[in-house]
Amino acid sequence: MKAATITRSGGPEVIEVRDYPDPVPGPDEISIKVFAAGVNFADILARRGLYPDAPKPPVVVGYEVAGTILKTGKNVSRKPGERVLALTRFHGYSEIVVVKEEQVFRVPDNLTLSQAAAIPVNYLTAWQLSEMGGLGKDDVLLVHNAGGGVGLAALDIARHRGAKTIGTASASKHERLLDRGYNHVIDYRTENWTERVREITGGRGVDLVFDPLGGASWKNSYRVLAPSGRLGMFGVSEVTTSRLAGPLKYLSVMRRLPFYTPIQLMNGNKGVYGVNIGRLWNEKKKVRRWAEAILAGAGEGWISPHIDAAFKLEEAADAHRYIEERKNFGKIILLPNANEE
Ligand SMILES: NC(=O)c1ccc[n+]([C@@H]2O[C@H](COP(=O)([O-])OP(=O)(O)OC[C@H]3O[C@@H](n4cnc5c(N)ncnc54)[C@H](OP(=O)(O)O)[C@@H]3O)[C@@H](O)[C@H]2O)c1
């Protein structure tokens, strides 16, 4: 089988399609013929050598897939041919993946396999941010990177819970964000977004912020919290813009990290929390419960992943470029078996 492989740290050109033996499922495992594999910002950080949780190259990355079951181990109750989605701890950019049965979920009939591949990382992250932040009716939620996969997932959840939404994104995405349901949009790259948030909220600030930018952005997001507001931090996209080399890029983010003291938090009536879904592998029951709630929402229609573009396996480098050039609106997927059709 073939898999798009990060051969060394570097630009998109370091990704090559390589041949591997077909993986064989063990007794509690399932092999999946991958129709669609999600591309995530973490894959780009891994390719650039900026993601400490990823194995060293050469490595096949990819946290999520959807496809059909090929083979099952002797202890597995699912049957070949079933449409499934799965969380994969790497190896998603492959024609075939093997995962434990506990990482596999049935795809609701009303979702395409491409949409199903867009669910695990983006929606579980947005769900965890919403749960930990206590997102509720009439809350005003500010989402940075609103046009990314997590940003659109957060919108589905916020709308379902009756919250109001403000999204920040590059200007080219604003019309589509409003069409999809964001109440307000801000271009965080050219506008003074903290002032705009104050204007929009009549000076009060927001109840909740989802912030994947890091550094100075976390400071400003904290400042725009209304009393009883909560800030959920879940990424450091800013790290890629530093001019320093390799892991030194983190210095630019670390230098501008905010410092929240318990007394400040108490007297400000504010809360801060962090989310890293990639480090919740030991909370299997909780993650499974969240995933089942999300898939039930997909079945009911209020969870509706948006696929912006699909690339063949040999175009994985183009998929990375597309995201790094900030062109994506929602999810980007790879189609590992596209050449077969
Ligand atoms: N902690 C977790 O568990 C977890 C899980 C999933 C994602 N994340 C993090 O959340 C963030 C968004 O993830 P996603 O999957 O929604 O992203 P995505 O779909 O890949 O979105 C990429 C978008 O991010 C924006 N962006 C902001 N800073 C950027 C930069 N320096 N370079 C390129 N693009 C930049 C761009 O849109 P605009 O310019 O329009 O904003 C770009 O189109 C990433 O930092 C990711 O690592 C964390």
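Which backbone atom lies 2.8 Å from an oxygen atom of the ligand? Keep that one in mind for a moment, everyone, and hello! One thing before we look: what you see here is a predicted model.

So, the answer: a backbone N or O atom of V150 sits 2.8 Å from that ligand oxygen. On S170, a polar side-chain atom lies 2.6 Å from an oxygen atom of the ligand. And at V275 we are back to the backbone, where an N or O atom is 2.8 Å from a nitrogen atom of the ligand. How much of the ligand does the protein cover? On its own, the ligand has 920 Å² of accessible area, and the protein covers 94% of that.

Now let's step back and look at the whole shell. There are 25 residues around the ligand, and those that come nearest are S170, Y188, S237, R326 and N328. Sorted by class, the shell contains 11 nonpolar residues, 11 polar ones and 3 charged ones.

Where do these residues come from? Among the helices, at least two shell residues come from each of helix 3 (120-132), helix 4 (149-161) and helix 11 (316-324). Helix 3 gives the most, with 3 residues.

Strand 14, residues 307-312, pairs with strand 15, residues 331-335, in the parallel sense, over 5 bridges. Within that pairing, A310 stands opposite I333 of strand 15. To get from strand 14 to strand 15, the chain passes through helix 11, in a β-α-β crossover that is right-handed.

I'll finish with two spots in the backbone. As background, most residues other than glycine have a negative phi, and most peptide bonds are trans. Now find P57 and P58: the peptide bond joining them is cis, with omega about 0°. P58 is in the loop between helix 1 (41-47) and strand 4 (64-72). Then go to strand 12, residues 225-233, where you will find S228. S228 is not a glycine, yet its phi is positive, about 75°.

Terms used:
Residues are numbered from 1 along each chain as its sequence is written. This is a predicted model: local features need pLDDT of at least 70, side-chain atom pairs count only at pLDDT 80 or more; totals for chains, interfaces and linings use all residues. Side-chain values use heavy atoms; hydrogens and water are left out. A residue is near a molecule or strand if one of its heavy atoms lies within 4 Å of it. A polar contact is a pair of N or O atoms within 3.5 Å; within protein, one must be able to donate a hydrogen and the other to accept it, and residues adjacent in sequence count only if both atoms are side-chain atoms. Accessible areas come from the Shrake-Rupley method with a 1.4 Å probe; for residues, only the protein chains shown count as cover. Helices (H or I, at least four residues) and strands (E, at least two) are DSSP runs, numbered from the N terminus. Ala, Val, Leu, Ile, Met, Phe, Trp, Tyr, Cys and Pro count as nonpolar, Asp, Glu, Lys and Arg as charged, and the others, Gly among them, as polar. Two strands pair if DSSP finds at least two bridges between them. A crossover is right-handed if, with the strands pointing away from the viewer, the path from the first strand over the helix to the second runs clockwise.
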